[in-house]
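The following exercises concern a single protein chain. Please work through each task before reading its solution.

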Amino acid sequence: MAYLSEHDDAEETKRCIEAEGRRCILLPGDVKDMAFCRSAVERTVREFGKLDVLVNNAGGNFAGGGEDLAAVAAAWEANVRGNVLPSVLLTTAGMQPFKPYFLGAEQPPAPRVITSRPVCC
């Protein structure tokens, strides 16, 4: 589970997952950073042997700027960087383990990407 800096929440979520008999690894980092996204996917594949489902649930809400065009532009950029960019980066990184299948080697497992954070201004 990738997360930014909410260590206590992440540990609690991990405890809940493990209480259900499942494994969980914690991956603290910024999903706006492509290098982090790549390393998170690589570590997940290394630890679990595969990647079945990628859930994009990162993001936040950034207030608009009213009639101040500079503030509106800044809020829009913050929304894109905080909501759209992570989804693109994580999805791009998450598709890499499936790349050999795209080259026609064999039938790929069905990758699932779930994006659950809308862009809000």
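**Exercise 1.** Which residues does Arg-43 touch, not counting residues up to four places away in sequence?

*Solution.* The model is a predicted one, in which local features need pLDDT of at least 70, side-chain atom pairs count only at pLDDT 80 or more, and totals for chains, interfaces and linings use all residues. Residues are numbered from 1 along each chain as its sequence is written, and side-chain values use heavy atoms, with hydrogens and water left out.

Step 1. Apply the contact criterion, namely heavy atoms within 4.5 Å. With residues up to four places away in sequence set aside, Arg-43 touches Ile-25, Leu-26 and Leu-27.

Step 2. Compare sequence and space: Arg-43 and Leu-27 lie 16 residues apart in sequence, and their C-alpha atoms are 8.7 Å apart.

Step 3. Classify the exposure. Buried means under 20% relative accessible area, exposed over 50%, and partly exposed in between (1.4 Å probe, protein chains only). Arg-43 has a relative accessible area of 29% and is therefore partly exposed.

**Exercise 2.** Determine whether Cys-24 is buried or exposed, and list its contacts.

*Solution.* Step 1. Cys-24 belongs to the loop between helix 1 (7-19) and strand 2 (27-28).

Step 1. Its relative accessible area is 8%, so Cys-24 is buried.

Step 2. Beyond residues up to four places away in sequence, Cys-24 touches Met-1, Lys-14, Ile-17, Glu-18 and Phe-48.

**Exercise 3.** Describe how helix 2 and helix 3 pack.

*Solution.* Step 1. Helix 2 (residues 34-48) and helix 3 (residues 69-95) meet at an angle of about 40°, and their axes are 9 Å apart.

Step 1. Angles under 35 degrees count as roughly parallel, over 145 as roughly antiparallel, 65 to 115 as roughly perpendicular and the rest as oblique. Helix 2 and helix 3 are therefore oblique to each other.

Step 2. Helix 2 contributes Met-34, Cys-37, Arg-38 and Val-41 to the contact, while helix 3 contributes Leu-89, Leu-90, Thr-92, Ala-93 and Gly-94. These residues comprise six nonpolar, two polar and one charged (Ala, Val, Leu, Ile, Met, Phe, Trp, Tyr, Cys and Pro count as nonpolar, Asp, Glu, Lys and Arg as charged, and the others, Gly among them, as polar).

Step 3. Thr-92 of helix 3 is partly exposed, with a relative accessible area of 37%. Thr-92 and Met-34 are separated by 58 residues in sequence and by 9.1 Å in space, C-alpha to C-alpha.

**Exercise 4.** Summarise the protein chain as a whole.

*Solution.* Step 1. The chain has four helices and four strands, in the order β-α-β-α-β-α-α-β along the sequence.

Step 1. Of its 121 residues, 23% count as buried.

Methods. Axes fitted to C-alpha atoms, helices over the stretch in contact; angles between N-to-C directions. Helix = DSSP H or I, 4+ residues; strand = E, 2+ residues; numbered from the N terminus.
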